Amino acid sequence: MQNFPPGSSSNPGQVPGVPSAFDPMRAFRIIQADPDGLSKCGLMLLISIVPLVGGFVVLGWVTYALRRAHANVAPVFLPAPGDLGTAIDYGTQGLKAFFVSLCWTLPIVVFTMAFVGCLWFGAGATIVAGATQGEEMGAASMVIALLVVFGGGLTLAVFNILVSIPAAVATLRAELSGVLAEGFSISAVFTTVRAKFLPWVLNLLLMGLVQFGIAFLMLVPIVGIFLVGFVSQLVRGFAMLSVYEHVLVSTGTEAFPVGPLAPPSLSHLGQRA
């Protein structure tokens, strides 16, 4: 693995200095900067349609793209699609990133489902209990139940944003390093999050708005749903990378080793792969 010092990478067209923490357009500049960017993306979009395995292959391909952008392998930021062996390597890397993300987010999903269930059960019980006490109490219990649901929902939304940050950082660590253990290094994950907390929060909120815009790609006939997934992975991945690089440079947080910049089957091409 290679260890790149903070600030060694840069966005195409970005002036030297502290990288911007909010860069939802970075993925598109990466595609534009790569001489074969559009053709590579088109082929990977077709691969994403393959049931079961296509999504993992694309996710692994994105992990290599993130490493290459972080290492500033200009102008060939996007890795080559390659042959079957390359696709298998992409799928393996994608499966690693997915596993790390699943392990961090599954407890959040379980807690969210349990919380929502308890919230609606409590609201329903309040309404029923009030209805048995007369019309006025029934109306009052209805208002109380609505306030409880609204307040609980708002609290849950804030909670989910906060706890999803460590999960996103852990996944990014696994993607950049290619090592599962980096995704489960709890102390290192929370050190990165605490180093500069606000940019992570604001970036996730910004990504929510961007993802809403990307959802309109669903209107594209036949491949709309796959196009949304593919573009979302690219945009979100590079946006999170921008925050990470911003934190590294602005706080001096220690960078961790970065994995190979190309699959073994493309190693003969070196950094140009």
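Here are some notes on the helix packing, the core and the salt bridges of this model.

1. First, a caveat: this is a predicted model. Please read everything below with that in mind.

2. Let's start with α2 and α3. Helix α2 covers residues 37-48 and helix α3 covers residues 54-70, and their axes come within 7 Å, crossing at roughly 150°. Angles over 145 degrees count as roughly antiparallel, and α2 and α3 are therefore roughly antiparallel to each other. On the α2 side, the contact is made by Lys40, Cys41, Met44, Ile47 and Ser48, while α3 brings Gly54, Gly55, Val57, Val58 and Trp61. Sorted by class, that makes 6 nonpolar, 3 polar and 1 charged residues.

3. Next up is α3 against α4. Helix α4 spans residues 84-131, and α3 packs on α4 at an angle of about 85° with the axes 6 Å apart. Angles of 65 to 115 degrees count as roughly perpendicular, so that is the label for α3 and α4. The α3 residues involved are Phe56, Val57, Leu59, Gly60, Trp61, Thr63, Tyr64 and Arg67, and they meet Ala87, Asp89, Tyr90, Gly91, Gln93, Gly94, Leu95, Ala97 and Phe98 of α4.

4. Now the core. The largest nonpolar core has 53 residues, and the members that touch the most others are Trp61, Trp200, Phe230, Leu234, Phe238 and Tyr244. At least two residues come from each of α1 (26-33), α2, α3, α4, α5 (135-177), α7 (186-195), α8 (197-214) and α9 (224-251). Helix α9 gives the largest share, with 14 residues. As background, nonpolar side chains tend to be buried together in soluble globular proteins.

5. Setting aside neighbours within four places in sequence, Tyr244 is in contact with His70, Leu172, Leu176, Thr192, Trp200, Ala255 and Phe256.

6. Glu245 and Arg26 are both buried. Side chains of opposite charge can pair when their charged atoms come close.

7. Two further bridges are worth checking on screen. Asp34 pairs with Lys40, and their closest N and O atoms are 3.2 Å apart. Buried means under 20% relative accessible area, so Asp34 qualifies at 3% and Lys40 at 7%.

8. Last, Ile161, which sits in helix α5. Its relative accessible area is 28%, so Ile161 counts as partly exposed. Beyond the neighbours within four places in sequence, Ile161 is in contact with Val201, Leu204 and Leu205. As for Leu59, Ile161 is 102 residues away in sequence and 22 Å away in space, C-alpha to C-alpha.

Terms used:
Residues are numbered from 1 along each chain as its sequence is written. This is a predicted model: local features need pLDDT of at least 70, side-chain atom pairs count only at pLDDT 80 or more; totals for chains, interfaces and linings use all residues. Side-chain values use heavy atoms; hydrogens and water are left out. Axes are lines fitted to C-alpha atoms, for helices over the stretch in contact, and angles run from 0 to 180 degrees between N-to-C directions. Helices (H or I, at least four residues) and strands (E, at least two) are DSSP runs, numbered from the N terminus. Angles under 35 degrees count as roughly parallel, over 145 as roughly antiparallel, 65 to 115 as roughly perpendicular and the rest as oblique. Contact means heavy atoms within 4.5 Å. Ala, Val, Leu, Ile, Met, Phe, Trp, Tyr, Cys and Pro count as nonpolar, Asp, Glu, Lys and Arg as charged, and the others, Gly among them, as polar. A nonpolar core is a set of buried Ala, Val, Leu, Ile, Met, Phe, Trp, Tyr and Cys residues joined through side-chain atoms within 4.5 Å. Buried means under 20% relative accessible area, exposed over 50%, partly exposed in between (1.4 Å probe, protein chains only). A salt bridge is a side-chain nitrogen of Lys or Arg within 4 Å of a carboxyl oxygen of Asp or Glu.
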